[in-house]
Amino acid sequence: MKYDNKAWLFLIPSLAVMALSAFIPLMTVVNYSLHYIFSGAIPEFVGFANFIEVLRDPKFQGALGRQLLFTIAILAVQMPLGIAIALSMPKKGVGVAISLVLLGIPLLIPYNVVGIVWRLFSQSDIGLIPEVLSWIGYSYNVSLDPVDAPVTIFLLDVWHWTPLVALLAYAGYLAIPDAFYRAAEIDGASRWKTFRYVTLPKLRPVLVLGFLLRFMDSFKIYAEPLLLTGGGPGDTTTFMSLFVARKAQSYELGYAGAASLIYLFIVMVMSYLFFQLLTKLGQGEGQKA
Amino acid sequence: MGIVVENVTKLHQGYKKLDNINLEVNDGDFSVLLAPTGSGKTTLLRLLSGIEKPTSGRIIFDGVDVTRLSVQKRNIAMVYQQFVNYPSFTIYENIASPLRVAKEKLSEKEIDKRVRMNAELLGISHILDHLPQEVSGGQQQRAAMARALAKGTKYVFLDEPLANLDYKLREELRSELKLIFREKGGAIVYATPEPIDALGMASHVGFMHKGRILQYGPVKDVYHNPRYVEVGEYFSYPTMNIIKGRKVEEDGRLYLKITDQFKIDVSSLHQSLMKDSYYLGIHAHAVSTNRESKSMVEIDGTIELSEAVGSDTELHVDHEGKNIIVLMQEVISYGIGEHIKLYLDPERFYIFDVDTHELCAKTVKE
Amino acid sequence: MATIELKDVWHSYDLEEGKSKDWQYAVEDINITYENGSAVALLGPSGCGKTTLLKIISGLTKPTKGSVLFDGEDVSELSAKERHIAQVFQFPVVYDSMNVYGNIAFPLANDGVDSDTIRKRVYEVAEILELTDLLKQPAGRLNPAEKQKVSLGRGIVRPNTAAVLLDEPLTVIDPKAQWGLRRKLKQVQKELNFTMIYVTHDQHEALTFAEQVTVMQVGKIDQTGTPEQLHEDPHSTFVGYFIGSPGMNMLDCTVQVDGTVAYNGTSFKIKKDFAARLLEHGNEFTLGIRPEYVDVSTQKVSGAMTGAVKLVEDTGAYKILTISMDSVDLKGRAPETMKIEEGDTAWLQFPEEGLKFFKDGKKVI
């Protein structure tokens with residue numbers, strides 16, 4: 001049809017930008033990953049050798065393991081917490097505006113600012129956190145303690161991003177027609193059952209979105225650990241993106257290229273699997289008919 | 001002069017939304033496209049207005065081929081099912097809007113005259129300074145119609161304009177529309193799934209089924225001579241009863257027999273009836289609960305449902321597994337399961353071929 | 001099943017929200033009794049207060065004044081669940097994540113009923129509603145008509161349900177499927193003998209479903225009666241206009257002692273004793289006569305009024321005529337066989353049995 005064709009023309013600017021900022025660099029990375037690069041010398045084609053080296057490297061495995069653990073913890077906490085916050089927010093009146101603003105503030109602050117603010121909070125000598133924790137007898141040291149550091153990053157992320165889940169869930173919650181809750185009340189459903197059979201299924205589309213966004217975002221966390229701990233102590237807060245970036249910065253471009261492609265592949269596969277799983281989950285359950 | 005649709009086909013993702021449509025609407029006609037949802041009537045209207053273009057075929061307005069012409073150039077007006085009004089304009093401004101963007105500049109006085117005239121016609125003069133959301137659905141739709149008429153185009157297309165209105169409003173607007181459009185001149189093409197719209201308002205009716213026009217003609221002709229079972233069944237108020245019967249010979253006479261009680265003498269038609277079975281059709285209002293003449297066929301039945309429809313009652317009766325609908329011209333309720341005797345006039349039947357669905361004979365005298 | 005009574009019920013949303021002046025009543029002076037097991041309808045145009053009454057009966061809204069009684073007991077303080085009210089909404093409400101069996105079993109499961117009893121009851125209900133084949137299907141996949149049946153199933157599965165309230169349940173149902181659902185609703189009501197209260201603006205739905213119909217207008221009840229009573233004996237001009245298709249013709253007239261009824265420059269005669277009864281209430285009235293009772297003839301009838309046929313709408317079964325007499329338009333009915341065209345002159349007579357007289361909108365005789 002005529003007007004369908006015209007529509008494609010409108011995409012050209014976007015496609016051009018994408019080509020420049022994403023596609024071409026991607027091709028460059030693919031190119032790197034297949035070569036052995038040593039500064040100054042001519043790159044040598046090595047096929048998949050880089051990939052094998054990356055996968056065998058215990059440091060890579062360590063970073064990947066830490067990343068997976070981090071992301072799982074994030075999802076396990078932020079999703080339920082976000083939903084809980086959304087459900088306890090007021091639905092009408094002046095409280096709505098206040099809650100929305102309070103939730104919005106963490107989201108509006110840029111990553112690096114968040115990182116710096118939390119660094120100030122957690123710094124051993126002048127920070128608020130170590131001071132308060134010392135009152136209960138806990139000696140907190142984010143730059144030396146291998147538990148304090150990742151936990152701090154974790155809490156930072158929860159503070160920063162749970163509001164996103166909460167806002168999505170809130171919007172979805174408001175969209176649920178009141179009739180469903182009245183029906184559940186008439187049917188004698190307990191609060192938990194009402195949540196499970198009315199709220200949760202109706203929130204599903206929005207929660208899938210929230211889940212995928214949090215998954216993808218947390219999987220590439222970069223600025224906050226960099227600014228807060230520099231990846232340390234040791235490599236306890238060196239997650240995947242920092243790991244790959246460091247490799248690239250030290251000119252191991254072949255390694256870095258291969259590592260980043262493996263990284264991309266993992267994210268894509270996991271996103272796809274999660275999407276399939278979450279959209280099909282829990283359809284048509286019920287007692288055996 | 002008028003609208004001519006020539007061999008128009010519209011394909012959509014491989015299948016035919018409209019299949020070889022041929023239609024002629026003359027000046028002064030009020031043509032209703034009658035069909036259940038999904039038969040293609042909206043698509044046909046969109047092709048006539050220019051919103052969509054046919055895959056093949058031509059559309060001609062007053063002798064000019066307008067097939068490739070854009071909507072704006074065709075000079076037509078359209079009224080939709082959803083009351084479409086500019087929400088930030090008053091009703092007055094809404095009606096005036098096509099006049100303000102018209103090619104030939106009209107004076108403010110002229111615009112005012114036309115707006116008021118059409119508002120008067122549609123009975124909304126008293127709400128001209130309101131916003132669309134401040135008035136009822138019925139009034140919003142009247143405003144949309146006034147806007148369409150104010151434009152002063154020769155052809156006006158309406159796509160199920162009464163569908164979203166209350167029962168009572170529909171009833172009132174139906175009568176009004178017939179009178180309003182009569183004053184107008186030009187031609188109207190009106191799409192609807194309600195047979196009573198066509199019966200009440202139209203001069204011509206076209207019955208559509210799966211993208212084709214099965215029959216088109218003056219309302220009386222199509223009503224008394226339905227060419228296909230689908231036309232007879234649908235283009236009827238409330239409906240035409242269609243029941244399958246077998247051709248049998250009994251006591252030297254030829255019958256179309258449905259049950260022992262229910263058999264119609266068709267001896268005089270034996271030359272047109274060569275097959276073993278046929279569909280018998282009889283209008284719901286031709287079935288009676290009183291014996292009105294000796295020749296009527298009497299059958300026993302049980303009431304499945306009695307529905308009050310305005311000032312009439314629709315009775316759904318079961319006769320040995322066959323469902324028969326009777327229209328009674330009074331408001332009366334029967335209990336479910338009650339026994340009742342029905343009387344059918346053997347001279348009010350239409351006979352359709354079981355395979356081709358075409359009308360092959362009728363006992364109806366016309 | 002219970003007998004439901006509304007006693008002196010008045011409700012104002014404005015007052016509920018705390019407005020202290022310019023408040024209005026959404027419903028006024030409501031007194032109705034619905035006998036146990038009856039099929040009832042609340043009929044009226046949008047804004048007439050029928051939804052408010054439904055909310056008051058179900059317990060969602062507590063009336064500003066008056067009380068709600070179930071089987072004689074005041075339930076005004078009880079919630080919907082406590083009153084054992086079931087409700088079917090305008091759009092189908094089903095639990096998408098459960099199958100049809102799970103949906104219908106839900107209320108019983110919440111009540112702690114044992115699974116064998118649940119199973120038996122769900123199958124019973126499914127059979128009545130013709131849902132047995134769909135029990136294993138996820139409820140979200142059903143079409144709207146089927147979903148409404150599931151909603152209804154949940155409403156009737158508990159044996160101690162006092163009443164089922166239906167709030168315009170056919171709104172999103174395809175016209176073709178509506179007949180089947182209407183029939184099913186009526187059948188279920190008859191078989192299970194539930195008190196079912198059906199709220200709608202469509203007289204077709206109301207008059208088909210209910211034995212007792214309450215017609216409402218602007219917060220007040222105009223009349224409660226059987227479909228025939230409402231049709232034959234309307235207590236107000238509104239009921240006369242709203243019921244029937246087309247509605248009753250309304251003409252402003254004056255009555256004189258000699259039996260002359262004059263309107264719009266023309267007149268006809270009624271019996272003197274009839275006129276005498278009317279004159280006890282004054283001499284200005286609104287005359288109502290249903291189109292189907294107007295006697296229309298194409299042949300001259302002496303003493304009859306004349307008019308010009310403005311419009312003929314032929315439904316195939318009969319013709320609806322719009323006849324204009326000076327500045328007034330009247331609607332009449334003519335049999336299919338009558339030869340009458342637009343532009344013809346028609347002679348009209350009003351048989352006395354078909355005449356209704358109203359004053360200030362209310363029935364006089």
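Predicted model: local features only at pLDDT ≥ 70, side-chain atom pairs only at ≥ 80, totals over all residues.
Residues are numbered from 1 along each chain as its sequence is written, and chains are lettered from A and ligands numbered from 1 in the order in which they are written.

**How the chains meet**

Let's start with who touches whom. Two residues count as being in contact if their C-beta atoms, placed from the backbone, lie within 7 Å. Two pairs of chains touch, and the pair with the most contacts is B and C. Chains A and B share no contact, and their closest C-alpha atoms are 9 Å apart.

The contact between chains B and C takes 28 residues from chain C and 27 residues from chain B. On the chain C side, α7 (175–192), α8 (203–209), α9 (227–232), β16 and β17 (318–325) each supply at least two residues. Those labels come from DSSP runs, numbered from the N terminus: helices are H or I runs of at least four residues, and strands are E runs of at least two. Sorted by class, this side of chain C has eight nonpolar, eleven polar and nine charged residues. Here Ala, Val, Leu, Ile, Met, Phe, Trp, Tyr, Cys and Pro count as nonpolar, Asp, Glu, Lys and Arg as charged, and the others, Gly among them, as polar.

Now for chains A and C. This contact takes 20 residues from chain A and 24 residues from chain C. On the chain A side, α8 (178–186) and α9 (191–219) each bring at least two residues. The top contributor to that side is α8(A), with six residues. By class, the chain A side splits into nine nonpolar, six polar and five charged residues.

**Domains in chains B and C**

In chain B, seven residues of domain 1 are in contact with eight residues of domain 2. The domain 1 side of that contact has three nonpolar, one polar and three charged residues. In chain C, the contact takes seven residues from domain 1 and eight residues from domain 2. Its domain 1 side has three nonpolar, four polar and no charged residues.

**A closer look at chain B**

Chain B has nine helices and 21 strands. Its C-alpha atoms fill a box of roughly 80 × 45 × 35 Å along the principal axes. Of its 366 residues, 42% are buried. Buried means that 20 or more other C-beta atoms lie within 10 Å of a residue's own, exposed means 12 or fewer, and partly exposed is in between, with C-beta atoms placed from the backbone. If you take the contacts in chain B with a separation of 6 or more, 63% of them link residues 24 or more positions apart.

Strands pair if DSSP finds at least two bridges between them. Strand β16 (residues 297–309) and strand β17 (residues 312–319) of chain B run antiparallel, joined by seven bridges. One bridge puts B:Ser306 with B:Leu315 in β17(B). These two strands form a hairpin with two residues between them, and B:Gly310 in the turn has a positive phi of about 65 degrees.

Then β17(B) pairs with strand β18 (residues 322–328) of chain B, again antiparallel, over seven bridges. In this pairing B:Val317 has B:Ile324 in β18(B) as its bridge partner. β17(B) and β18(B) also make a hairpin with two residues between them, where B:Glu320 in the turn has a positive phi of about 50 degrees.

**One strand in chain C**

Which residues of β19 (residues 345–349) of chain C are on its covered face, and which are on the uncovered one? C:Ala346 and C:Leu348 are on the covered face, while C:Thr345, C:Trp347 and C:Gln349 are on the uncovered one. In a regular strand the side chains alternate between the two faces of the sheet.

This strand has neighbours, too. Strand β15 (residues 295–297) of chain C pairs with β19(C) in the antiparallel sense over three bridges, and C:Asp295 stands opposite C:Gln349. Strand β16 (residues 305–314) of chain C also runs antiparallel to β19(C), with four bridges joining them. There, C:Thr306 has C:Trp347 as its bridge partner.
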